[in-house]
Every structure is written in structure tokens, then in C-alpha cells.
Amino acid sequence: MDKKIEKQLTARTVELGKSGDAAVVDELLKLSDCSAFHVKRLAVSALGKLAGKVDSKKVIPVLLARIRDCHAQVRQYAIKALAAYGTDSESALHDLRDIADNPTEKDYNRRDAKKAIEIIEGAIRIKNEKMKKYCQKCNAVIDGDEYSRSMKAFQRPYCDKCFDEVYLSRRNYDTKVELNKNIRANDGTFVQSDGELKIADWLTARKIKYRYDERIRIIDNYAIRPDYYLSEFDVYIEYWGMDTIDYKIGMLKKLKLYQQQGKKLISLYPEDKNNLDIILKSKLSKYIRLT
Ligand SMILES: [Zn+2]
């Protein structure tokens with residue numbers, strides 16, 4: 001595809017995703033079949049965010065096709081989107097189980113498929129067994145679809161009213177993160193900056209497994225998103241790349257959380273970029289025996 005057209009389509013998809021408007025669903029459905037990977041990925045993600053507002057009969061068949069997509073990240077967004085559709089995604093359970101059990105699938109997709117299965121099954125149980133779930137903010141009783149939409153977005157149950165209150169800022173933040181992930185590391189992971197790229201490639205070159213930019217629950221009810229998590233060693237790496245006040249406040253909060261929980265954290269900064277090999281090696285060797 002022509003670079004200029006691709007850029008236009010990407011911008012358009014971001015705009016549609018941000019609007020959260022049910023009326024844009026048909027355009028998003030079309031874009032989710034676009035030949036440009038980034039457009040497809042963003043469109044699928046945006047479709048997940050319209051759960052509860054649009055006719056799921058139109059959307060779910062498209063998402064089912066996208067969980068078979070050749071790009072792992074498109075599959076990931078489709079898996080997450082299906083979770084948001086709750087009971088309506090019952091027909092996807094089979095395929096999701098296949099993904100969760102598939103040893104050749106990416107770890108993050110297997111894990112997200114498992115999560116999606118839990119959320120969809122949870123929503124079905126609430127519906128069928130009249131199980132009571134409560135909003136964690138206002139304590140109102142919530143139904144299965146409120147449950148799945150909110151579990152997918154926040155990993156905690158909120159009623160629709162509380163969901164809308166907290167959702168707008170989060171949705172814009174997520175879109176920004178998704179959009180910025182367009183630098184491809186050697187192992188195929190898409191990252192956000194030159195510094196993050198260097199860290200990813202450094203880890204890959206040393207065959208150190210990592211999860212990038214995943215939301216990991218550290219404290220009950222408080223989820224934080226570390227940049228890198230080295231699961232074999234239980235070590236977190238944060239690349240503190242930005243310099244705004246808001247960002248710094250977030251950074252201090254995050255650092256405190258790591259500390260309180262006694263987590264093994266390595267902090268890296270833009271000025272470390274050019275000496276990454278020496279700095280990362282020395283910081284990591286506190287926790288890992290490096291060869
Ligand atoms: Zn509520």
C-alpha cells in the first residue's frame with residue numbers, strides 16, 4: 001500500500017477509535033480488513049471498544065476472522081475485543097480454547113485467550129445462574145455484559161455508569177499507546193521508541209524472555225503496566241522516557257508501588273541509551289547471572 005494512503009487510513013482509524021461512536025462501526029469493519037497491518041490492528045482494537053453499543057452480530061464474525069490473522073498483534077487485539085462482547089462471544093469459545101492450547105502461538109496471545117475465556121464464561125454464568133456481581137465503585141448489581149466490558153477494559157467489575165466515567169481518559173491513553181507502538185524490534189515486538197527498541201533487542205540477543213507493555217496486577221485492585229517483565233527472573237525493567245510533569249508524577253507513584261511490593265526493578269533513562277550494554281548488564285547482574 002502507498003505510504004501516504006496508509007498514513008491517512010491510520011489517522012482515520014485513530015479518529016474513529018477515539019470517537020467511541022456506534023455510528024462508525026461499518027467503517028471500522030471495513031478498515032479491519034485493510035491490507036495495512038497498523039490500520040487493521042487499530043480498527044480491531046476500536047471495535048472492541050464499541051462493545052455494548054453496537055450490533056454484536058455484525059462485529060463478532062469479523063473478530064472471529066481476525067483471531068486467525070497472520071499478524072500476532074492483530075490476533076491479540078481481536079482476542080481482547082471478543083472478551084469485551086461477553087455472552088455474545090460464546091460462539092468464539094472454541095476458537096479461543098484452540099489458541100490458549102496452541103504451543104506455537106505467542107505467549108501473550110495464549111494468555112489473553114485464557115483471560116478472554118474466563119471473562120466470557122463469567123458473563124455467561126452471571127446470565128444463566130443469576131449470579132450477583134457488584135460494581136466495585138458504587139456497589140450496584142451489574143449484569144453479564146457490564147461485567148465483561150469492564151473486566152476487559154479494567155480487570156475489575158464496574159457498572160456501565162462508573163465504566164463511562166473512568167473510560168474516556170483510559171480509552172484515549174490506550175489509543176495513544178497503540179498508535180505509538182510502531183517500531184519493530186528484532187523479535188517482531190512493536191515498541192514505542194528508540195530506547196525501548198534497544199532494550200528489546202538487547203534482551204532478545206541474550207535470549208532473555210520478556211513481556212513488553214503488558215498490564216500486570218501487582219497489588220489487589222491496582223494494576224500497573226511495566227515496560228518489560230522478565231518472567232523467568234521476576235525482574236521488571238522500566239524505561240523512563242518522557243519528561244512531562246504528569247509523567248513524572250506517574251513515575252513516582254509507580255516507583256513507590258514497586259518498592260512497597262519488594263519487586264526487583266531496573267530503571268533505565270534516555271541518557272543510558274548509548275551505553276546500554278554496560279549499564280543494563282551491570283544493573284541486571286544484581287538479579288541474574290549473565291554469561
Ligand atoms: Zn458503579
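This is a short talk about the predicted model shown above.

Okay, two bits of housekeeping. Residues are numbered from 1 along each chain, as its sequence is written. Because the model is predicted, local features need pLDDT of at least 70, side-chain atom pairs count only at pLDDT 80 or more, and totals for chains, interfaces and linings use all residues.

Let's start with the overview. We have 12 helices and 10 strands; these are DSSP runs numbered from the N terminus, with helices being H or I of at least four residues and strands being E of at least two. Of the 291 residues, 35% count as buried. Buried here means that 20 or more other C-beta atoms lie within 10 Å of the residue's own; exposed means 12 or fewer, partly exposed is in between, and the C-beta atoms are placed from the backbone.

Now, helix 4, residues 56-66. Which of its residues are buried? They are Ser-56, Val-59, Ile-60, Leu-63 and Arg-66. They sit on the same side of helix 4 because they cover an arc of only 120 degrees around the axis, where the arc is that of the directions from the helix axis to the C-beta atoms.

Keep an eye on Leu-63. Apart from neighbours within four places in sequence, Leu-63 is in contact with Val-44, Leu-47, Ala-78, Ala-81 and Leu-82. In contact means that the two C-beta atoms, placed from the backbone, lie within 7 Å.

Leu-63 also turns up in the largest nonpolar core, which has 45 residues; Leu-63 is among those with the most contacts inside it, along with Leu-47, Ala-78, Leu-82 and Ala-116. Helix 5 gives the most to this core, with eight residues. There's a second, separate core of 17 residues, including Ile-199, Tyr-228, Leu-230 and Ile-237. By nonpolar core I mean a set of buried Ala, Val, Leu, Ile, Met, Phe, Trp, Tyr and Cys residues joined through C-beta atoms within 7 Å. In soluble globular proteins, nonpolar side chains tend to be buried together.

Back to helix 5. How does it pack with helix 7, residues 107-128? The angle is about 10 degrees, and the axes are 8 Å apart. The axes are lines fitted to C-alpha atoms, for helices over the stretch in contact, and angles run from 0 to 180 degrees between N-to-C directions. So helix 5 is roughly parallel to helix 7, a label for angles under 35 degrees; over 145 is roughly antiparallel, 65 to 115 roughly perpendicular, and the rest oblique. Residues making the contact include Ile-79 and Leu-82 of helix 5, and Ala-116 and Ile-119 of helix 7.

Four of them form an open sheet, in the order 5-8-9-10, with mixed pairing. Strands pair if DSSP finds at least two bridges between them. Strand 5 (211-212) and strand 10 (264-268) are the edges, each pairing on one side only. Strand 9, residues 235-239, runs parallel to strand 10 over five bridges, and Tyr-239 stands opposite Leu-268.

Last stop: Asp-234, in the loop between strand 8 (228-230) and strand 9. Asp-234 has a positive phi of about 55 degrees, although it is not a glycine. Most residues other than glycine have a negative phi. Is Asp-234 buried or exposed? Exposed, because it has 10 C-beta neighbours inside 10 Å.
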